[in-house]
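Let's take a walk through this structure together, one stop at a time. Have the sequence and the 3D view open as you read.

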Amino acid sequence: MSSAADLEALALLRRREPRGFDLAYAAHAGPLLGFLTRLSGRRDVAEDLLQHVFLRLAERGPELARDSDLRAWLYAVARNAYLSHARRAPLELDDAALEALSSPPPDVEARLLLGDVERALGALRFEDREVLLLVAVDGLERDAIARLLGVDSAALRQRLSRARSRLLAELSRLPVAPFARRTRP
Amino acid sequence: MTHDDPVLARLAALPNPTPDPARSEQVRQAALARLRPRRLHPAWVLLVASSTFGYLGGAFYFAVRLF
């Protein structure tokens, strides 16, 4: 379900008012940048993809239905942008970018926990990583995620369960030393 | 949304980065340029008007010659 802020942003965008864009950017740019950085493993790539997402919003926003799920639409565009990018050029993970996502740390223990999750996420396959990241997005409904991934709710549950198990397995065997650089298909 | 599952709750707690302000401003300017309604170039208006009048004029001339 769309939030009141998203509905207002959509209504303004449909009237081509800049404030609609500003509202959408303020609410979603940070979480989308986190999603894209964790998906691609590269901050610079994530910034480029974020720009693509919001320029697409400016082009297509005025045509969106007034009751559209703006959040789901943005994540669908972000995911497709990432997939197109990954098809063009295999990405090399930048561990420093992933580590930097966890800072500034609230305390040492939390930093370790969050840092470990980042590293474990980075080690997962794309299919597992994307489903975990999408489910963790605040306010993104399971039905919307299933539609975005092109699966039904039962398949989404199964995929999520598998991804969750793999993340836990990855967390349990994480080395203390930072990961070596890897290439991502 | 709150997650009962501790793993999902941990994922949801991952901090999000802040977009670079300079880059954000660039994106905003480019987006607002796309958001502004585009005015039709006068040449297109002239072309559409002249082809419409040309077609209607031709049709009228043809109809007059029939009778």
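Our first stop is A:Arg60, which counts as partly exposed at 41% relative accessibility; here buried means under 20% relative accessible area, exposed means over 50%, and partly exposed lies in between, with a 1.4 Å probe and protein chains only. Its side chain meets that of A:Glu63 in a salt bridge, at 3.4 Å from N to O. By a salt bridge we mean a side-chain nitrogen of Lys or Arg within 4 Å of a carboxyl oxygen of Asp or Glu. A:Glu63 counts as exposed, with 57% relative accessibility.

Before going further, a word on the ground rules. This is a predicted model, in which local features need pLDDT of at least 70 and side-chain atom pairs count only at pLDDT 80 or more, while totals for chains, interfaces and linings use all residues. Residues are numbered from 1 along each chain as its sequence is written, chains are lettered from A and ligands numbered from 1 in the order in which they are written, and side-chain values use heavy atoms, with hydrogens and water left out.

Now back to the charged pairs: how many salt bridges does the structure hold over all chains? The count is 16. One of them joins A:Arg38 to A:Glu118, with the closest N and O atoms 2.7 Å apart. This pair links distant parts of the chain, since A:Arg38 sits in helix H2 of chain A and A:Glu118 in helix H6 of chain A, 80 residues apart. Helices (H or I, at least four residues) and strands (E, at least two) are DSSP runs, numbered from the N terminus. Are these two partners buried or exposed? A:Arg38 is buried, with a relative accessible area of 4%, and A:Glu118 is buried too, at 1%.

A further salt bridge takes us from one chain to the other. B:Arg34 pairs with A:Glu59, the closest N and O atoms being 2.8 Å apart. The link runs from helix H2 (residues 21-35) of chain B, where B:Arg34 lies, to helix H3 of chain A, where A:Glu59 lies. Both ends count as partly exposed: B:Arg34 has 30% relative accessibility and A:Glu59 has 36%.

The area buried between chain A and chain B is about 3000 Å², and carbon and sulfur atoms give 65% of that. Buried area is the accessible area, taken with a 1.4 Å probe, that two parts lose on being put together, summed over both.

Four salt bridges are counted between chain A and chain B. Among the pairs that cross, B:Arg28 forms a salt bridge with A:Asp22, the closest N and O atoms being 2.7 Å apart.

Buried residues make up 19% of the 67 residues in chain B.

We finish with A:Leu140, in the loop between H7 and helix H8 (142-149) of chain A. A:Leu140 is buried, with a relative accessible area of 1%. A:Leu140 and A:Ala72 are 68 residues apart in sequence and 6.5 Å apart in space, C-alpha to C-alpha.
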